[in-house]
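Please open the model in your viewer and keep the selection tool at hand.

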Amino acid sequence: MPPPDPSTPENLPDGPASAGTPGREEGFRNQLVHGENTIDPATFAGSLPQDRGVAPRVRVGTNRWFNLLWLLPLGFVLLLAAVAVAKGIRGLPAVEHFMAQYPGTSALPVAAPSGFPAWIGWQHFLNMFFLIFIIRSGAQILTDHPRLYWTRHSTPGREWFRVQRPVPPEPLWTAKKDSISLPHQVGLPGMRHSIGLARWWHLGVDTLWLLNGLIFYVLLFATGQWMRVVPLHWDVVPNAVSVAIQYLSLQWPVETGWTNYNSLQLIAYFITIFIAAPLALVTGLGMSPALSTRFRRVSKVLSIQTARSIHFLVLVWFLVFIVIHVALVATTGALQNLNHMYAGRDDGTWIGFWIFSASMVVVVAGWVAATPFTIRHPRVVQRIGYALIGPAQRLFEHIDAKPGEYTEADISPYLWHNGQYPDSAEYKALEAGKFVDYRLRINGLVENPVDLSLSQLRAMPYHEQITQHFCIQGWSGVAKWGGVSMQAILDLARPLPAAKWVVFYSFGDGPDQGVYYDAHDIGQMKYKLTMLAYDMNGGALSFGHGAPLRLRNETQLGFKMVKWVKGIEFVEDFSGLGSGFGGYNEDHEFFGYRQSI
Ligand SMILES: Nc1nc2c(c(=O)[nH]1)N[C@H]1C(S)=C(S)[C@@H](COP(=O)(O)O)O[C@H]1N2
Ligand SMILES: [Mo]
C-alpha cells in the first residue's frame, strides 16, 4: 500500500463546507443527449465506416496465417480422392465381408418406437427457425471482435483465428476500430459494431431455443424416442464406417429412417442433440463476467476465450451438420424424408413437401425481415430481448465474488483499449496540470455531497485487486487495479435510502456526442470488487485506460465501467437521464443495462 500523499493536509471534506462550492449542486445530467429510436446505418455508432475485414485465417506456428478459403478447393480434391478410394476398396473381399457384417444400422431395442409423432415435426421446425436468428446474430457478435484466442489474454498476434487484418501498432488502437461489418442479410443486423442489438437477438432467441430443447429432451425420454438417437451398442461404430464407405462409393445405404437411422446419422444426431447443444449453453455462460469471476476454478480451464473459441467451433459443427443434413434429405428420397418429418407418414406423396414449403415461407419471411425490422425498431428489439434474457442477467448480478483469485503472474501483457477518448479543453487542461485541479464530484441523493481531489482520494484506504476485464465485444484481460473501494465512497457520501442507482459521468463524450455515462445498481457498489481505480498494474492509470479515475464493477461487462470519471450521482431511478435506458451505450447503441451475462 503506497503511503498517503503528504501533500494532503486537509481532512476529507464533510457536508456543508464542500457543498458550498459554487455550482456544486448543478449535476452533469444536462450534458447528456438523447439517442435515436431508429437506426440510420450510415451514422450508427458514431458513423463508423463499414469495414469488411478479411477472409478467415487460422494461425499456423508463430506468425504464419492459413487462408481458410483454400479449404474449398482442397476439400473438393479430398472428397474426390475419398470417393476414388471408397470405390476402389469396396470390391475387396475383406471390405465386402465387413459390409455384410455391418450393413449400416444397429439393432434397436424392441421397445423403440417407429415413425415420427407430430411434436417432433413442430420442434424440428421451431429449432430450425430459432437457429437462423441465433446463427446470424452469433456471427455478428463474433465480428465485433473478429479474433479468437485460447487464453484469457487477448494479445494481438496470439489469436488462432481472425477475420480481420493484424492489429496495427498504434498504442491507442481501440477494439471498436477493430470490429467489422457483415452483409445485412448475413449478420443480424449487419452494421459494424451492432453487437448490442445482435446480443438481444442471440440471447433472447437462445432462451426460446433452450426452452424448445428442454421440452424436446423431456418428450424424447417420455416417449422412448431417445432410443433412436442415442447409440446403445458399440456396433454403431463399424456400422457408421460402413455407411461412410457406402456414401463415398456412391452406392448409398438402404433408407430405413422411418424406423431406424443408419449409424452415421445416429452418431451425428447424438452429437448435435446431446453434445453440441449443451456445449453451446455451457460455453455461452462461460463468457459471463459475473459467473467467470465467481467460479474461478471452472473459468481457469474454461476461460472466456476458451469458451468463446469452443462456442465458435460448436457453430462450425452446426453449420457443417446443417449443410450435410439438408443435402442428404434432398438426395436420399426427398418426398419420403419430408413426409417423415413434416407429415408423420412414410410414403411418397407430396403432403410433407407442401407442409415443408409452407414452413419455408415462414422461415424465409423471418430471415428477410429480421434486419430491416431491427433497423426500424431497435427499441422493440432491446425491450423484447431484455424481457427474454433479463431475468437471467438480473439473477447473476447477485454474485459478489471474492477477491484474490488472480495473482501478479496472471496480469495480461496487453489490455485492449476501448471507447472514445476525451478531447475537451477542460480535460486537456486538467491533464496538463497532472490532475492537481481535478475534483471528483459526488452528489445526488446523499447526506454528504463532496468534491474530492486526487490527493484526497489517495489519502483514503488503498484498495487493490487483480481482476479480469470482459468487454462486450469479446476480448478480455487481467490487470491490477489500485484505488478506493466504492464502499469507502458510500461510507463517505452516505446515500439516502431513496438512492437506488449510482450514475458515473465521464469527461469523455460518446461517439454520438453527449457525455458518456452509465448507471449501476447501488447493491453492486457494496461488492468486494467494486472500486474506483487511479492506479493500474503498479503505476498511475494511463490516459488510455481512464486517467485520472475509472470504475471497476467486476459483475458487469466492460462498457459499464466508465473511464475518465468526473462525477457520481446517486439517483432513485435513471429514466430521466439521457434517453432513460441506463447509460450511453444503452441509449445510443441499444445495449442492456444489466450485463452480468
Ligand atoms: N468514458 C468512457 N468510458 C468507457 C468507454 C468509453 O467509450 N467512454 N468504453 C468502455 C468500454 S466498451 C470498455 S471495454 C472499457 C475499456 O477499458 P480499457 O480501455 O481500459 O481496456 O472502458 C469502458 N469505459
Ligand atoms: Mo467494451
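## First stop: a salt bridge

Select R345 and D347. These two residues form a salt bridge, in which the closest N and O atoms are 2.8 Å apart. Please bear in mind throughout that this is a predicted model. Are the two partners buried, partly exposed or exposed? R345 has a relative accessible area of 29% and is therefore partly exposed. D347, at 22% relative accessibility, likewise counts as partly exposed.

## Further salt bridges

A search of the whole structure finds 17 salt bridges. Select D178 and R147 next: their side chains meet in a salt bridge with an N to O distance of 2.8 Å. This pair links distant parts of the chain, since D178 belongs to helix α6 (residues 175-178) and R147 to strand β3 (residues 147-148), 31 residues apart. Both D178 and R147 are buried.

Move on to K402 and E405. A salt bridge joins them, with the closest N and O atoms 3.2 Å apart. K402 has 52% relative accessibility and so counts as exposed, whereas E405 is partly exposed, with a relative accessible area of 21%.

## The whole chain

How many helices and strands does the protein chain contain? There are 19 helices and 14 strands. The C-alpha trace spans about 95 × 45 × 45 Å along its principal axes. Of the 597 residues in the chain, 53% are buried.

## Regions named in the UniProt record

The unreviewed UniProt entry places the feature "transmembrane region" at residues 65-86, 116-135, 200-222, 266-291, 312-331 and 351-375. Colour these ranges, then examine two of them in turn.

- Select residues 65-86: this span is 73% helix and 14% strand, and its end C-alpha atoms lie 33 Å apart.
- Select residues 200-222: here the chain is 100% helix and 0% strand, with the end C-alpha atoms 33 Å apart.

The unreviewed UniProt entry also places the feature "domain: Oxidoreductase molybdopterin-binding" at residues 437-573. Select that range. Over residues 437-573 the chain is 10% helix and 45% strand, and the end C-alpha atoms are 31 Å apart.

## Aromatic rings

A search of the whole structure finds 42 aromatic pairs. Select F129 and F133 and display their side chains. Why is this pair called edge-to-face? The ring centres of F129 and F133 are 5.1 Å apart and the planes stand at 85°; an angle over 60 degrees counts as edge-to-face, so the pair receives that description. Both residues lie in helix α5 (residues 118-144), four residues apart, which is about one turn of the helix. F129 and F133 are both buried.

For another kind of pair, select Y427 and F543. Their ring centres are 6.0 Å apart and their planes are at 45°, so the pair is tilted. The pair links distant parts of the chain: Y427 is in helix α16 (residues 425-432), while F543 is in the loop between β12 (539-540) and β13 (550-553), 116 residues apart. Y427 is buried, with a relative accessible area of 0%, but F543, at 24% relative accessibility, counts as partly exposed.

## A charge over two rings

Select R228, F116 and Y261. Where does the charged end of R228 sit? The charged end of R228 sits over the ring of F116, 4.9 Å from its centre. The charged end of R228 also sits over the ring of Y261, 4.8 Å from the centre of that ring.

## Last stop: a nonpolar surface patch

Finally, switch to a surface display and select W150, L313, V316, V320, V323 and I324. These residues form a nonpolar patch on the surface, with about 520 Å² of accessible area together. Centre the view on I324, which lies in helix α12 (residues 304-331). I324 is partly exposed, with a relative accessible area of 47%.

Methods. Residues numbered from 1 in each chain as written. Chains lettered and ligands numbered in written order. Predicted model: local features only at pLDDT ≥ 70, side-chain atom pairs only at ≥ 80, totals over all residues. Heavy atoms only, no water. Phe/Tyr/Trp six-rings, centres within 6.5 Å; stacked < 30°, edge-to-face > 60°. Helix = DSSP H or I, 4+ residues; strand = E, 2+ residues; numbered from the N terminus. Buried < 20%, exposed > 50% of the residue type's maximum accessible area, 1.4 Å probe, protein only. Lys NZ or Arg CZ within 6 Å of the ring centre and 35° of its normal. Patch = residues over 30% accessible without salt bridge, like charges linked within 9 Å, V, L, I, M, F, W, Y side chains within 5 Å. Areas by Shrake-Rupley, 256 points an atom, 1.4 Å probe, with all protein chains shown as cover. Salt bridge = Lys/Arg side-chain N within 4 Å of Asp/Glu carboxyl O. UniProt positions renumbered as here; feature names shortened; annotations may be inferred.
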